Amino acid sequence: MPQSYPVNYLRHMMELQNLIGGEMTNPKGGAWLDNIEPATGHVFSRIPRSNAADVEAAVQAARTAFPAWSATPFEERAASLRRWGALIAEHSEALIAAESQDNGKPVSLAGAVDIPRAQKNLEFFAGAIEHFASEAHIPGGAEFIHYTHRKPIGVVGCISPWNLPLYLFTWKIAPALAAGNCVVAKPSEVTPVTAWMLSKWAAEAGFPAGVFNVVHGLGHEAGQALVEHPHVKAISFTGGTQTGAHIARTTAGIFKKLSLELGGKNPAIVFADCDVDKAVSTTIRSSFANQGQICLCSSRILIEDSLYDTFRDALVAKAKRIAPGDPSDPNTKMGALVSAPHRDKVLAYIESAKVQGASVLCGGDVASAPNDRCEAGYFVQPTILEGLGPACSINQEEIFGPVISLQRFSTEAEAIKLANDSDYGLAATIWTQDAAKAHRVATQVESGIAWINCWLVRDLRTPFGGVKSSGIGREGGFEALRFFTEPQSVCIPTH
Ligand code: TXE
């Protein structure tokens, strides 16, 4: 371990624990996993390598807690979520540091986005459950009333990824708990620390024992046991498309409710009539924020012929000014990739691009360590490629790193065709000052989300998710509350 630590980073080797039935517990099998700080390559904590027995205990605790929790007035459930949100605010400095240390993201990003948004998720779903309503249908003559009774499902599993750890963890558990379910959550084994911190405050927030449980461990062990468990009635999953497909296959015969938020290969469509400065600076952000490790990041930049050279040169000039830095430094804008295997995967894509004939306009390699502390960290330069056709793997497969590929188009129809030439369909960005064209293109692009002249602007009430290989179902607002409830149609005569 390095001798000097950034302020607020964990200084002593921490041992994380599961939260099962209100108790912080060690893994039943006695096995642990090393947790590595991506900026240094050093092990800084250990997490439970939980197995099916831990999952079983968590599911049983959740089942026991369910009757009382589902009967708890929604105001009380909302109050617990709000208290939890307040605890996030109270501990925000520690959470920001932990998220940065665990994930490799800059403290500036964790402080501006991840941790405030985690707090917001809890508060938002506290409010959402207070406004959630179901339908009543009263046919002419009013002889019968049909109404929809939305009940909590029971025990639900929430499986979250490493790129926005606490942000996406709370995005799932908040609507599940608000709707009256009991949760068994499995955070990513790559970034478990902030979920563990939150789990320690569950009782203080007011959640009775067993309502909220966290089981740490590997996907194919703890995650698989959760997905397979017959008493887990729904799974909300965010992660890779292959894992999502595996979960869908595993649960197909047991008819579990599934929400799958998977990968993306998102196009940014840049028309010649756009506000170039704004399009360039936002595309830099949409390409390289969080080291390109956001499912919503742009990765295929489609540029109209007549603007191509100007836009490319401006983009490259800006990208060259981004130097990956120590994530703990408040001035750092780009940090480390999340793990050595992930860095190697991203580098392999860059090498393959070179073999396939790409011109590397900037980056294209590991980045030098910003300081001695980070000598063994997983840093990659922001990389811009051009010259690859739409069918090549770089333009088809999710790289999930700071790598983008530029392509040209000459007509609106060609832009739409290129944008849709993908198995994925999560988010598209469209740059034009022609409102009618923006609308035409947005509605023809096959994606769950279309941003016009902006990126990553979120209103938590809107549906969030993708089409094609980007997933099934929608999160956000009432969509999430609908997912986490079972609608029952009730019919009653009026006389
Ligand atoms: O994700 P995994 P990985 C993409 C990105 C990345 C690729 C693989 O392209 O390179 O996915 O990343 C749990 N049953 N995204 O391998 O494995 C796992 O423990 C149940 C996009 O890290 O899908 C973790 O908690 N759970 C993405 C979670 O699934 C299982 C964010 C996600 O991990 C499991 C992250 C199993 N059999 C990666 N196997 C996005 N959509 O934002 C794994 N898990």
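Which element gives the largest share of the shell around the ligand? That's what I wanted to know when I opened this predicted model.

**Entry 1: the shell.** I went through the elements and found my answer: α8 gives the largest share, four residues. I then listed the elements that give two or more residues to the shell, and these are α8 (219-228), β11 (232-238), α9 (241-252) and α12 (340-355).

**Entry 2: the neighbours.** I looked up the residues around the ligand and got 27. Trp162, Glu189, Thr243, Lys345 and Glu398 come nearest. Sorted by type, the shell holds ten nonpolar, twelve polar and five charged residues.

**Entry 3: the domains.** Which domains does the shell draw on? I checked, and at least three residues come from each of domain 1 (14-262 + 470-490) and domain 2 (266-459).

Entry 4: Next I looked at polar backbone atoms. Ser160 has one that is 2.8 Å from an oxygen atom of the ligand. For Gly219, I noted 3.4 Å between a polar backbone atom and a ligand oxygen. With Leu262 the ligand atom is a nitrogen, 2.8 Å from a polar backbone atom.

**Entry 5: cover.** How much of the ligand does the protein cover? On its own the ligand has 820 Å² of accessible area, and the protein covers 86% of that. I also looked up the pockets: the ligand takes up the space of the largest pocket.

Notes. Residues numbered from 1 in each chain as written. Predicted model: local features only at pLDDT ≥ 70, side-chain atom pairs only at ≥ 80, totals over all residues. Heavy atoms only, no water. Near = heavy atom within 4 Å. Polar contact = N/O pair within 3.5 Å; in protein donor to acceptor, adjacent residues only side chain to side chain. Areas by Shrake-Rupley, 256 points an atom, 1.4 Å probe, with all protein chains shown as cover. 1 Å grid on protein atoms, 1.4 Å probe; cavity = no way out; pocket = protein on both sides within 12 Å on 5 of 7 lines; lining within 4 Å. Sits in = over half its atoms within 2 Å of the grid points. Nonpolar A, V, L, I, M, F, W, Y, C, P; charged D, E, K, R; others polar. Domains from an automatic or database assignment.
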